[in-house]
Amino acid sequence: MAGSRGRGRSQFSFSVDALGFGRGDCLPSSAHTPSPLYPPMQFRPVPLHTGEEVDYMLALKQELRASSKNLPFHIKAARTKTDVARYSDKYQNGETKNNCIEWSPDWSRMPKELCIKVRKPRKTGERNSIIIITNTLEKREEEQHSEEEEDEEKKKQNEEEPDADEDYDEEELEDTDYIMSYFDNGEDFGADSEDNMDEAVY
Amino acid sequence: MTTQEVRLCGLLLQEHFGNVVEKVGTHLIRSGVLTLRALAHETKLPLDLVKKSLCVLVQHGMCTFGAGRRGPAGPVEYRINCEHVFHMLRYPRYIYTAKSLYGDTGELIVEEILQRGHMTMSSTVKTVADRLTHNMPEGQSMDYSEVVSVFSQLVETHFLQRCPPLASAGSSSSGAVDTPLPVATQPTEPESHPDCYKLPYINLTGQLLQSKHSSHTKKLFSGQPLCGDDDGIYWQVNFQRFHLHFRDQAIISAVSCKLDQSSSEIVRTMLRMSEVTTPAHAAFTQALSANEIFRALLSSYNIARPILDQYLSLLVDDPMEFVGKTGDSGGGMYVVNLHRALANLARATLESVVQERFGSRSARIFRLLLRKRHLEQKQVEDFAMIPAKEAKDMLYKLLSENLVQLQEIPKTPDYAPSRTFYLYTVNQLPTARLLLQHCYKTVGNLIERRLYETKENKRLLEKSQRIEAILASLQATGAEAAQLTEVEEMITVPERQQLESLRHHINKLDSSENQVDETIFLLKSYINSTQASR
C-alpha cells in the first residue's frame with residue numbers, strides 16, 4: 001500500500017464514476033450524534049381502517065382486557081406486611097394470599113409439584129412473631145399471677161376457684177384484646193408495692 | 001427469541017395476567033428451559049407465586065412441561081411457547097370470525113374457551129347458556145341443546161379440538177416405554193390423537209328459565225340438570241384452523257380487489273371445496289375440475305358455464321398466479337396456489353410499506369429490484385427513469401434502512417473497488433423477517449404508549465368511574481333528574497374534554513394494534529410457508 005501511495009499520489013483506488021457523484025459535489029454530512037429518537041416523517045401515515053368490523057373488534061379487545069383483570073388467572077402478589085401488625089388486618093380477609101390458588105385446575109394435566117398445599121392458619125400461629133411473643137409473655141405473667149392467686153385462695157380454703165380462675169383467665173386472654181394480667185383488681189395492691197421498694201417501678 | 005419478541009410477550013402477559021406472570025414468563029423465555037426451583041431462585045419471587053404463575057401459563061397452553069435433561073427421574077422442566085403468547089393479540093379476530101360464521105352462540109363459546117385456556121364441553125355449554133339467557137329479555141331462555149349443536153358444528157369444522165392427552169394421564173396398559181412425562185422437546189401434537197375431533201356423549205337436557213315475577217332474574221331448572229360425563233376431556237381452540245381461514249379470506253379479498261367480485265366468488269368456492277382435503281401446510285389445494293367447480297357454485301352467483309371458463313382462464317393468466325391449471329381432464333383441472341399467493345401478498349405488503357415510508361419513486365426502485373434481482377447503480381437509474389442524483393439518494397436511504405442489500409462481485413481476487421461490480425438487490429424473505437420484527441416493535445410501542453396514557457390520566461379515569469357508579473346506583477334507586485345532573489356536573493367541562501380525547505387516543509392505539517396484527521399474520525404465514533416447503 002505504501003508503494004502505490006508514493007507512485008500515484010493523486011490516484012484513488014476507486015473511480016469516481018462508479019460512485020455516482022462528480023468532483024466537487026458536496027457529500028452528505030457525516031453523523032455526529034445518534035439519529036434522533038423521533039425522526040421527522042417525510043410522509044404522513046395512511047389513516048386507519050374504519051368500519052363496523054373494525055369497531056366491533058375494538059370493542060371486543062377492550063372488553064377482553066377489562067374482563068381478564070377479574071378472572072382468577074390475573075395474579076396479584078400478596079401485599080407484604082408493613083412495619084406493624086395493625087388491628088384492621090384481622091378484618092381484611094379479602095386480601096389475596098400467596099399460598100392459595102383461586103381456581104381449581106385439573107391436576108391430572110399438570111405436574112404435581114405445582115400443587116400448593118394450603119395450611120389452615122391456626123388462631124395464634126400465623127400472625128406476626130410480635131403477637132406470638134406478646135402472647136407468651138402474657139401467658140407467663142398470668143401463670144405467675146395465677147400462682148399467687150392460688151396461694152391466696154388456699155388461705156381462704158377455696159380450692160376450686162383457682163382452677164376456674166386460671167381457665168377463665170387463659171380463655172379470656174385469647175379472645176379479647178384486653179390483656180387480663182393488666183387488669184388489677186386491687187387484691188395485690190398493698191403486698192406487691194412493699195415487696196418491690198428497692199427496684200424502680202415503671 | 002429476539003429482543004422485540006421477548007418484549008412483546010412480556011407486555012401481553014402483563015396485560016392479561018398481571019405483573020407476576022409477566023416476570024415469570026419473561027424470565028423463562030430468556031432462559032429457555034428451567035426447573036421450578038431454578039425459576040424461583042432466579043426471579044427471587046416466593047415459590048408459591050411462581051407455582052401459581054406456571055399453573056396459569058400451563059392452563060392456557062403457553063407453557064409446556066416435561067421430563068428434563070436428567071430424564072424422567074429428574075425435576076420437571078418448563079418452557080414457554082412464544083407463538084401462543086402472540087396469539088393473545090389476535091383474540092378479537094378469532095372471536096369475530098366465530099361470530100360471523102356461527103352467530104352469537106359461537107362467539108361466546110370461542111370467547112369462553114379462549115379466556116379460560118381449555119374447558120370441558122359441559123362447563124362451556126353451561127356457561128354460555130347462562131350468559132345468553134342473561135342477555136335475553138325476560139321469559140326467554142337458551143336451550144342447552146342449541147348451544148350443544150353449535151359446539152358440535154365448531155368441532156366438526158375443526159375450529160375446536162381436544163387437548164392432547166399427557167402420557168402420564170394415559171392408560172397404564174400402554175406397552176410403550178414407561179415414562180411418567182413426555183419429553184420436553186417433543187410436545188404431542190393434538191392432531192396425532194385419533195379422537196381429536198370426537199365429541200363426547202354428555203347428557204344435556206334442560207334449560208334455564210327466567211322467572212317473570214322477580215325483578216332480579218331467578219333461574220329455575222326445567223328438565224334434568226346438566227351432568228357432565230366428560231370429565232377429563234378438555235377442548236381448546238384450534239388456532240391453526242383459524243389461521244387457514246384467515247389465509248383463505250386474505251386470498252379471496254386480494255382476488256376481489258385485483259379482478260372482480262365474481263372471480264373472488266369462484267376462488268371462494270374452490271377453497272371451500274378443498275377445505276377438508278387439503279393438509280395444513282400444502283403448497284396448493286387438490287386439483288378441482290371445472291365441472292366440479294360449476295356444480296359447487298351457488299346459484300345466487302348466477303355464473304353461466306362459459307363465463308366460468310373465461311373467468312378461470314383469466315385467473316390462470318393473471319400475474320399474481322393465484323390459480324393454476326394442472327391438466328385438461330374434466331374441462332380443465334385447476335388448483336389454488338397457496339404458497340405462491342402468500343408470497344405475492346407478502347410482496348405486496350413490502351412494496352406498500354416502502355411506498356408509504358419513502359414515497360412512490362423509492363417504491364418504484366424497490367419493485368424494480370424485486371423483479372430484476374440484481375442491478376447496478378447506473379441500470380437502476382435507467383430502468384426507473386429517475387435522475388441520477390435522486391436515484392442515488394433514494395438507493396442509499398433504502399440501503400441504510402436495510403431494505404436493499406449490496407452484493408459485491410469482484411473481477412480480480414483483491415476486491416479492488418474500481419474493479420468490482422456493486423449490485424443492488426432485494427431478497428424477499430430476509431426483508432419480510434426484518435419487517436416482521438419492526439411490526440413486533442411497533443405493537444410493543446403501541447401497548448407501552450397506551451399504558452403510559454392510562455397512567456397519566458389515572459386520577460381522572462378513577463373519578464369518572466366513581467361518578468358513573470354513583471349515577472348507576474342513583475338511577476337504580478330512582479332518583480330525580482336534578483340529583484342526576486348534579487352528580488354529572490361533578491365532572492367539569494375541561495375534564496370531560498380531557499376524558500374524551502383520552503378515549504379517542506386509546507381507541508386509536510387499540511385499533512392500530514389490531515391492524516398491525518393483520519400484517520404480522522400475513523408476514524408470519526409467508527415465512528412459515530417458506531419453511532414448510534424446505
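How many helices and strands does chain B have? The views below concern a predicted model, in which local features need pLDDT of at least 70, side-chain atom pairs count only at pLDDT 80 or more, and totals for chains, interfaces and linings use all residues. Residues are numbered from 1 along each chain as its sequence is written, chains are lettered from A and ligands numbered from 1 in the order in which they are written, and side-chain values use heavy atoms, with hydrogens and water left out.

**View 1. Overview of chain B and chain A.** Chain B has 20 helices and 14 strands, where helices (H or I, at least four residues) and strands (E, at least two) are DSSP runs numbered from the N terminus. Chain A contains six helices and zero strands, and its pattern along the sequence reads α-α-α-α-α-α. Of the 534 residues of chain B, 48% are buried; in chain A, buried residues account for 14% of 202. Buried denotes under 20% relative accessible area, exposed over 50%, and partly exposed the range in between (1.4 Å probe, protein chains only). Contact means heavy atoms within 4.5 Å. Among contacts between residues at least 6 apart in sequence, 66% in chain B join residues at least 24 apart, while the corresponding value in chain A is 38%.

**View 2. The crossing of H14 and H15 in chain B.** Two packed helices are described by the angle between their axes and the distance between the axes. Helix H14 (residues 360-372) and helix H15 (residues 377-384) of chain B have axes that come within 10 Å and cross at roughly 115°. Such axes are lines fitted to C-alpha atoms, for helices over the stretch in contact, with angles running from 0 to 180 degrees between N-to-C directions. H14(B) and H15(B) are therefore roughly perpendicular to each other; angles under 35 degrees count as roughly parallel, over 145 as roughly antiparallel, 65 to 115 as roughly perpendicular and the rest as oblique. From H14(B), B:Arg364, B:Ile365, B:Leu368, B:Leu369 and B:Lys372 meet B:Val380, B:Phe383 and B:Ala384 of H15(B). By class, this contact of H14(B) with H15(B) has six nonpolar, no polar and two charged residues. Ala, Val, Leu, Ile, Met, Phe, Trp, Tyr, Cys and Pro count as nonpolar, Asp, Glu, Lys and Arg as charged, and the others, Gly among them, as polar.

**View 3. The crossing of H9 and H13 in chain B.** The axes of helix H9 (residues 239-258) and helix H13 (residues 338-358) of chain B come within 11 Å and cross at roughly 70°. H9(B) is therefore roughly perpendicular to H13(B), and their crossing is left-handed. B:Arg247, B:Ala250, B:Ile251 and B:Ala254 in H9(B) meet B:Leu338, B:Ala341, B:Leu342 and B:Leu345 in H13(B). The classes in this contact of H9(B) with H13(B) are seven nonpolar, no polar and one charged.

**View 4. B:Ala341 in helix H13.** B:Ala341 lies in helix H13 of chain B and is buried, with a relative accessible area of 0%. Leaving aside neighbours within four places in sequence, B:Ala341 is in contact with B:Ile251 and B:Phe322.

**View 5. Nonpolar cores.** In the largest nonpolar core, of 117 residues, B:Leu54, B:Tyr78, B:Ile109 and B:Leu369 touch the most other members. Helix H6 (residues 91-116) of chain B supplies the largest share of this core, eleven residues. A nonpolar core is a set of buried Ala, Val, Leu, Ile, Met, Phe, Trp, Tyr and Cys residues joined through side-chain atoms within 4.5 Å.

Note on methods
Left-handed = near helix turned anticlockwise from the far one by under 90°.
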